[in-house]
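Take a walk through this structure from the whole chain down to single residues. Keep the sequence and the 3D view side by side.

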Amino acid sequence: MDQQPEDGGLAEELIASVMAASRLLVAISARALASIDETLTLPQLRALMVLDGCGPAKLAELAAGLGVNPSTALRTVARLESRGLVDRQVNPDSRREVVLRLTEGGAELVARVLEYRRGEIAVLVGRLPAAERAGLARGLRALGAVAEEPDLRGAGLSGAGPARFSDVLAAASGEVRPRRRAR
């Protein structure tokens with residue numbers, strides 16, 4: 001971020017607005033989780049969401065998707081597995097690897113959280129006048145487009161790990177994306 005925009009005041013206002021929106025979305029996620037399962041943590045939910053988005057994955061892939069080291073991901077998986085939300089199976093193609101999958105219960109929990117979040121966001125969006133909704137949609141699409149740029153993703157500035165911003169938006173909206181196959 002070496003470049004200073006010519007409209008510094010507006011840029012600062014936009015940064016503050018996006019940060020406030022981010023806090024709002026985290027709060028919505030926390031409320032969704034609390035209403036569905038008070039004992040699950042947000043990091044555990046995030047792991048479930050990553051597995052839901054990428055399909056069966058190796059531990060290293062999950063750790064990369066979460067932006068944590070494999071030992072942290074392993075502890076999270078162990079907790080989720082003990083609750084019956086994640087399943088670990090030996091990879092049939094390489095017996096040295098373990099493949100992680102959501103169980104039916106894990107997938108159901110993710111679906112319920114996404115539905116709750118979608119409902120809360122729909123209420124908020126519904127309160128906006130039509131012109132504001134159109135402007136917000138354009139602004140979010142533009143923000144998503146620059147988040148997809150390779151130079152940002154390669155520098156680690158997106159904070160999204162290996163996921164693309166469009167994948168994050170799809171998961172947040174409950175859109176079904178084709179799943180990767182386990183290697």
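A salt bridge is a side-chain nitrogen of Lys or Arg within 4 Å of a carboxyl oxygen of Asp or Glu. The model they sit in is a predicted one. At 30% relative accessibility, Arg88 counts as partly exposed. Glu81 is partly exposed as well, at 29%. More on charged pairs comes later.

First, the overall layout. The chain has 8 helices and 3 strands. Their order along the sequence is α-α-β-α-α-β-β-α-α-α-α. The chain is 183 residues long, and 26% of those residues count as buried. Its accessible surface is about 11,800 Å². Carbon and sulfur atoms hold 58% of that surface. Now take the contacts in the chain with a separation of 6 or more. Of these, 52% join residues 24 or more positions apart.

Next, the helix packing. Start with helix 2, residues 42–54, and helix 5, residues 104–127. Their axes come within 10 Å and cross at roughly 100 degrees. Angles of 65 to 115 degrees count as roughly perpendicular, so helix 2 and helix 5 are roughly perpendicular to each other. Helix 2 brings Leu45, Leu48, Met49 and Asp52 to the contact. Helix 5 answers with Leu109, Val110, Val113, Leu114 and Arg117.

Leu59, Leu62 and Ala63 make the contact from the helix 3 side. Pro70, Ala73, Leu74 and Val77 make it from the helix 4 side.

Back to charge. Side chains of opposite charge can pair when their charged atoms come close. The structure holds 4 salt bridges. One of them joins Glu120 and Arg31, with the closest N and O atoms 2.5 Å apart. This pair links distant parts of the chain. Glu120 is in helix 5 and Arg31 is in helix 1, 89 residues apart. How do the two partners sit relative to the surface, buried or exposed in part? Glu120 counts as buried, because its relative accessibility is 18% and buried means under 20%. Arg31 is partly exposed, with a relative accessible area of 38%.

Glu97 and Lys58 form another salt bridge. Their closest N and O atoms are 3.5 Å apart. This pair, too, links distant parts of the chain. Glu97 lies in strand 3, residues 94–102, and Lys58 lies in strand 1, residues 57–58. The two are 39 residues apart. Glu97 is partly exposed, with a relative accessible area of 24%.

Turn to strand 2, residues 86–91, and find Asp87 there. Asp87 is partly exposed, at 28% relative accessible area. Which residues does Asp87 contact, leaving aside its neighbours within four places in sequence? They are Val99, Leu100, Arg101 and Thr103. Take Thr103 as an example. Asp87 and Thr103 are 16 residues apart in sequence. In space, their C-alpha atoms are 6.0 Å apart.

Now look at a loop. Thr39 sits between helix 1 and helix 2. Thr39 is exposed, because its relative accessible area is 58% and exposed means over 50%. Leaving aside neighbours within four places in sequence, Thr39 is in contact with Gln44 and Arg83.

Finish on the surface. Val18, Leu136, Leu140, Leu143 and Val146 form a nonpolar patch there. Together they have about 380 Å² of accessible area. Which helix gives the most to the patch? Helix 6, residues 130–147, does, with 4 residues. Val18 belongs to helix 1, residues 8–36. Val18 is partly exposed, with a relative accessible area of 43%. Such a patch takes in residues with over 30% relative accessible area, so Val18 passes that cut-off at 43%.

Key
Residues are numbered from 1 along each chain as its sequence is written. This is a predicted model: local features need pLDDT of at least 70, side-chain atom pairs count only at pLDDT 80 or more; totals for chains, interfaces and linings use all residues. Side-chain values use heavy atoms; hydrogens and water are left out. Buried means under 20% relative accessible area, exposed over 50%, partly exposed in between (1.4 Å probe, protein chains only). Contact means heavy atoms within 4.5 Å. Accessible areas come from the Shrake-Rupley method with a 1.4 Å probe; for residues, only the protein chains shown count as cover. Patches are made of residues with over 30% relative accessible area and no salt bridge: like charges are joined within 9 Å, nonpolar side chains (Val, Leu, Ile, Met, Phe, Trp, Tyr) within 5 Å. Axes are lines fitted to C-alpha atoms, for helices over the stretch in contact, and angles run from 0 to 180 degrees between N-to-C directions. Angles under 35 degrees count as roughly parallel, over 145 as roughly antiparallel, 65 to 115 as roughly perpendicular and the rest as oblique.
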